[in-house]
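Hi,

Here is the structure I said I'd pass along.

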Amino acid sequence: MEGTLKSKLMDEDALRRALTRIAHEIVEKNKGTENVVLIGIRRRGVPLAERLRRQIEEFEGTSLPLGILDITLYRDDLSTIDVQPVVHETDVPFSVQGKNVVLVDDVLFTGRTARAALDATMDLGRPKRIQLAVLVDRGHRELPIRADYVGKNVPTSRREIISVCVKEVDGEDEVLLLEMSHEI
């Protein structure tokens with residue numbers, strides 16, 4: 001998406017610190033790592049989930065199972081995004097049955113992506129609990145969804161966009177606030 005840069009909300013260090021804090025909060029809230037699994041929501045939620053996994057492994061000595069979720073077919077706006085939407089592979093190579101699932105995404109906005117991810121996760125089995133970790137919560141919820149773990153809360157207008165860039169996809173780590181010429 002194109003827009004005019006308003007500000008840089010997070011640089012590489014701020015992003016790293018936010019993920020470190022979220023990793024510690026996940027372990028603390030779940031009283032350890034037993035039965036905890038991470039599932040990254042495609043696209044930028046996947047590298048964020050991978051980083052959380054590495055951080056938790058560093059300080060807990062345990063590698064959490066990691067899955068990748070494509071929510072394309074679960075979106076309620078599927079007919080408006082493209083005539084033939086591109087569906088990527090969902091890869092959750094473990095059972096979610098009875099697990100504490102932490103869904104990981106980059107930005108929480110209306111809540112519709114999170115709802116689609118909840119539906120997709122439930123189709124995989126019956127977790128004990130589902131939690132949501134996001135790098136940025138920008139408000140404007142349309143559904144009653146909130147994140148359990150938030151890197152940064154950023155109140156925004158409907159004319160603003162949060163652009164999360166991660167090295168694995170975009171070549172650099174930063175979070176930008178962009179101004180659009182119209183409401184989104």
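Lys6 and Glu179 pair up through their side chains in a salt bridge, 3.4 Å from N to O (a salt bridge being a side-chain nitrogen of Lys or Arg within 4 Å of a carboxyl oxygen of Asp or Glu). That pair ties together distant parts of the chain, with Lys6 in strand β1 and Glu179 in strand β8 (residues 174-179), 173 residues apart. Helices (H or I, at least four residues) and strands (E, at least two) are DSSP runs, numbered from the N terminus.

Before you read on: this is a predicted model, where local features need pLDDT of at least 70 and side-chain atom pairs count only at pLDDT 80 or more, while totals for chains, interfaces and linings use all residues. Residues are numbered from 1 along each chain as its sequence is written, and side-chain values use heavy atoms, with hydrogens and water left out.

Lys6 is partly exposed at 45% relative accessibility, and Glu179 is partly exposed at 24% (buried is under 20% relative accessible area, exposed over 50%, partly exposed in between; 1.4 Å probe, protein chains only).

The whole structure has 16 salt bridges. Another one joins Glu25 and Arg21 at 3.6 Å, N to O; they sit 4 residues apart in helix α1 (residues 12-29), so about one helical turn separates them.

Met10, also in strand β1 (residues 4-10), is buried at 4%. Its C-alpha is 7.1 Å from that of Leu176, 166 residues away in sequence.

Cheers
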